[in-house]
Amino acid sequence: MKKRYKSFMAVAVAVITLCGCTQSNKAIIRMQKMEEGVSSPTSEAELKEAIAKYQKRVADNQIADSQVGIWYKMLAVRYLDAKQYGQALQNFQKAIQIYPTNQNLFYYVGLCAGYMAKASLDYNASGAKITSEKYNYLKLAESAYLRALELEPKYGRALYGLGVLYVFELEQSEKAIPHLEKLISFDTRNFDAMFVLARAYYMQGNYDKAANLYDKIASQTKSEQKKQEALSNKKIVLDASYSK
């Protein structure tokens, strides 16, 4: 019973901290002293005993924090599966506070931010091509993908997500090219990435590279739909190059 009570208190302290509760540090310390039976150690033996007890408390709190982080991620994934991207984004951000070096969490933040950008309409009918809210979400997606790649440079999903973001949302296709080239250098049959890269080449006026990549897709894919799409896109590229 005492062990379960201690575990409960450890989790409670962790949740209080995460939720930004205004309970003072002094109150928490008093609660800990009462729970551990540590008041004001003075002798060598008492000090050693107090240190041992609080080292155990630190370990318990670390376990509690770790579990809370996992729960935040699980909750975020549930929201993501339900296409509730705003709620998913909030919970992935909370999980990152506990796991700040987890590249998967940053990838999911980028993914959710991208979806939220698409939902950011010009409700004020200002006529702006892109609202400030949409732009902020797009920049959040960019920074999240880039952070994921700092943590794992060959993270394929982040490389692809960043490529799509630059080509189709931020209209910065020149930035997409090195990321997508890196992706297909090790994921050699990622035809979706090839399509986006060919589009980036086309937007930059690199018609030969775009046409060659569409040829590669058409010759290697087993999907008849992708083959025809690649050949159709190649014709558009060649027409553009001839009229240049």
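This is a predicted model: local features need pLDDT of at least 70, side-chain atom pairs count only at pLDDT 80 or more; totals for chains, interfaces and linings use all residues.

Student: Which helix gives the most to the lining of the largest pocket?

Tutor: The pocket holds about 270 Å³ of space. Among its 15 lining residues, Leu111, Gly114, Tyr145, Gly161 and Val164 are the closest to the centre. Two or more lining residues come from each of helix H5 (103–118), helix H6 (132–151) and helix H7 (156–169). The one that gives the most, with 7 residues, is H7.

Student: And the second largest pocket: how many charged residues are in its lining?

Tutor: That pocket has a volume of about 150 Å³. Its lining is made up of Lys129, Ile130, Lys134, Tyr135, Phe168, Glu169, Leu170 and Glu171, and the elements giving two or more residues are H6 and H7. Sorted by class, there are no polar residues, 4 are nonpolar, and the charged ones number 4.

Student: Now Thr221: does it count as buried or exposed?

Tutor: Thr221 sits in the loop between helix H10 (207–220) and helix H11 (224–242). Buried means under 20% relative accessible area. Thr221 has 12% relative accessibility, so it counts as buried.

Student: Which residue's backbone nitrogen does the Thr221 side chain reach?

Tutor: Setting aside neighbours within four places in sequence, Thr221 is in contact with Phe191, Lys226 and Lys227. Its side chain also reaches a backbone nitrogen at 3.1 Å, and that nitrogen belongs to Ser223.

Terms used: Residues are numbered from 1 along each chain as its sequence is written. Side-chain values use heavy atoms; hydrogens and water are left out. On a 1 Å grid over the protein atoms alone, a cavity is a set of points where a 1.4 Å probe fits but cannot get out, and a pocket is an open set with protein on both sides within 12 Å along at least five of seven lines; lining residues have an atom within 4 Å of a point. Grid points are joined across faces, edges and corners, and a volume is the space filled by probe spheres set on the points. Helices (H or I, at least four residues) and strands (E, at least two) are DSSP runs, numbered from the N terminus. Ala, Val, Leu, Ile, Met, Phe, Trp, Tyr, Cys and Pro count as nonpolar, Asp, Glu, Lys and Arg as charged, and the others, Gly among them, as polar. Buried means under 20% relative accessible area, exposed over 50%, partly exposed in between (1.4 Å probe, protein chains only). A polar contact is a pair of N or O atoms within 3.5 Å; within protein, one must be able to donate a hydrogen and the other to accept it, and residues adjacent in sequence count only if both atoms are side-chain atoms. Contact means heavy atoms within 4.5 Å.
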